[in-house]
Every structure is written in C-alpha cells, then in structure tokens.
Amino acid sequence: MNKAPLLFTPFRLGALELPNRIVMAPMTRCRAAQPGDIPTELNAQYYAQRAEAGLIVSEATQISPQGKGYSFTPGIHSDAQRDGWRLVTRAVRQAGGRMFLQLWHVGRMSHPVFHDGQLPVAPSAVPFEAAIWMVDPATGLGGTAPCPTPRALTHAEIGQIVEDYRLATRRALAAGFDGVEIHGANGYLIDQFLRTTSNVRTDEYGGSRENRLRFLKQVVDAVASEAGPARTAIRLAPFLTARGMACPDILPTILEAVGYLHERQIAYLHLVEADWDDAPEFTEAFRQAVRARFPGPIIVAGKYDLDKAAWVLEHRYADLVAFGRPFVANPDLPQRLAQGLPLAAFDPATLFGGGVHGYTDYPAWESTTA
Ligand SMILES: Cc1cc2nc3c(=O)[nH]c(=O)nc-3n(C[C@H](O)[C@H](O)[C@H](O)COP(=O)(O)O)c2cc1C
C-alpha cells in the first residue's frame, strides 16, 4: 500500500478535473529561444514529458521586458511568445495534462544588463543582497551576478505594471493555458511591496499593512478580471528571509492577504515552504491560521516526499502537493511515487541554460529498465 494514498486521488480545481494531487512546481530552466525569450518545441517536449502531474505550473514568465531578471527566461508580452507557448500547451494537452502559467515581475531582482543599462525597479531604492543568473554577453558563459540598488517606481508606473499583468493574462489564455498563477513569492516585485524591508514608500503603496497589500490586491483583481477567479491563482512565500526579505510584519500581512484571496474565490493558494537557498520553519500554528482564512484549494511546496505529503494532506493543511527538484530528473514522477520506484538524481550543472542535455534527456522508468 502506498504511503500517501490521498496524493493519488482526483481533485476538482475550478473547471479542471485533476487525476491526482501532484503538482509540478514552477521551475526556471533558462532555455527560451533568443532573441525574444520565446518558448520552443524543446520546452514543449519537456513539459509534455511531465504531463502525468495533476497540474503543471510553468516556469516563471516575465509579463514585460521590465519584469525580466535572468537570462533566457521566457516572456508572455509578445505575440511570438504567445505562439511559442501555444506549442507547449498543445503538447501538454495532447499528453493528457493541464497547465497554468506563472506570471512574473522580478522588480529589483534584476540587473542593468537586461534594461539597456538602466537600474531595475522596485517599490523603494533600498540596498539589498541577492544575485541573479545571467549569461555574460562577452564570454557566453552563465553565472551569478549581484543585484544593484534599484530605483523606486513612480505612482504612475505602478498602475502601468498592473495593466501589464492584465495584458499578460490575456495573452496566456490566448496561448491555451488553463489559468495563471501570480508569482507573489521569493522576493520578487509583489513580495517586495508586501515587506517593510523592501518597501519604505510614503504614498498609498507603503507604510500600513493595508497600503503594502494594495499592489497585490490590484494585481489579483486585474488578473481575475481577465481570467475569472477560477483561473486565477497566486504563490506566496511567508517565511522567506533571504534576498533582504526578513520583514518582521510579514506573517500578519500574508494572513490578511489570504483572507482577501478567499473573498475573491481564487482557484488556489500556493505556499512556498522550504525553497532553493532558504529553508524556513513552516509552523503548524501558521498552517492552521492559513486554513482558517482560506478554505479553498491550497498547494504546498518545499522538500516534500511521500511521508510529508501524507501528513499535510491528512491534516487538511493542503489539498495538493507540489514537487520541484524531483521532477527535474524524473519526468514520470507521479508513477514512480505511486509504485515506490527509486528516484533519479538531477545534475545541478544543467539546471539553468543549455539545451536537451539535463532537460529532456532524463528517461522515464520504463526506458531506464528496457
Ligand atoms: C531550478 C529551480 C528553478 C525554480 N524556479 C522557480 C520559479 O520560476 N518560480 C517559483 O515560484 N519557484 C521556483 N523554484 C522553486 C520551486 O518551485 C520549489 O518551490 C522549490 O524547488 C522547493 O520544492 P522542491 O523541494 O520540491 O524542489 C525553483 C526551484 C528550482 C530548483
């Protein structure tokens, strides 16, 4: 008997009938075609290989050129990008899967190399320590580069970004996605507005909790106005402390956001627990507080295995469990988990950038044993 039987039961998510409760977590892989940050047949093949997941969330995808912070990440602000994503959604659907697009504006997590030498933007011009992945134009080699102190957005520019989210949503739906997940986690623009450490504005977007939540609410409303609430979702990272994000008021701020998201009846709330370079404590009291405010579908992500998945589902702290790194080298992860098969390890050297190798050449179990 499988250790986490609930994980393999169907789940109704808005209009979608998911065959299991396994979600492929969003993962940036930096393999969009250049120039233009356009998704390709190779990306389509990669996602289609992973279509056994109940739901796939795409890699983070910039809503505008300004929203970009890493080399070779895809966008959803041009018609060519929309057409590239159509290849992906078609392949995933043909393989029997369902897919949301993750909408991304990095804010200050960026570098002038992506903005014609101009500074990245943020709620406020606060110095912080973080790095992005970029390809050096001189050498063609990928590596990390520190982020400079950003410039503060004007009030009018904030309104334009909300509009960019709306237009990106429209393109994502035209590209055939089942819905969109707003990236409100991991120290990117929306998260930067939420926290006193990155937001010291004195206008209606800064200061009080209500003001720091204003941008998130406006983005959620703009996206939901295009997609409808049942196809609108959001990802948040309450316990993040890296990237200059250790805000003392973040938990009450996020709980207030969660109440708003429930009122808006969005498709799901996606919570990041332990992330790539940051392993925060997700307390049980906090899980209970979230559930009390959000009875709708909750996805959790961060170092989950079958035991942890069984625990979180049985306690009803979550309805679905997202797996990130395990999906990299195990395209057939749901089947492997269901049958208790061994999991392959991924090669960290091929996570970001490159081509087929370390991307679509990890075999499924049958081909390993054939
Ligand atoms: C290579 C890589 C890229 C990632 N890119 C994204 C991303 O684009 N958007 C996002 O919200 N999280 C991103 N994450 C975080 C994952 O979605 C997930 O939360 C994290 O890997 C923890 O889950 P895991 O322990 O199952 O890997 C990324 C993680 C990895 C390993």
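Reply: Start with burial. Buried means under 20% relative accessible area, exposed means over 50%, and partly exposed lies in between (1.4 Å probe, protein chains only). At 3% relative accessibility, Arg336 counts as buried. This is a predicted model: local features need pLDDT of at least 70, side-chain atom pairs count only at pLDDT 80 or more, and totals for chains, interfaces and linings use all residues. Residues are numbered from 1 along each chain as its sequence is written, and side-chain values use heavy atoms, leaving out hydrogens and water.

Me: Which residue meets Arg336 in a salt bridge?

Reply: Side chains of opposite charge can pair when their charged atoms come close. A salt bridge puts a side-chain nitrogen of Lys or Arg within 4 Å of a carboxyl oxygen of Asp or Glu. Here Arg336 pairs with Asp332, at 2.9 Å from N to O. Asp332 is also buried, at 3%. Elsewhere, shared partners link Asp79, Arg82, Asp83, Arg86 and Arg171 into one salt-bridge network.

Me: Are Arg151 and Glu157 buried or partly exposed?

Reply: Arg151 is partly exposed at 33%. Glu157 is partly exposed at 23%. Their salt bridge has its closest N and O atoms 2.7 Å apart.

Me: How many salt bridges does the structure hold?

Reply: It holds 22.

Me: What about the nonpolar core?

Reply: A nonpolar core is a set of buried Ala, Val, Leu, Ile, Met, Phe, Trp, Tyr and Cys residues joined through side-chain atoms within 4.5 Å. The largest one has 82 residues. Leu103, Tyr165 and Phe215 have the most contacts inside this core.
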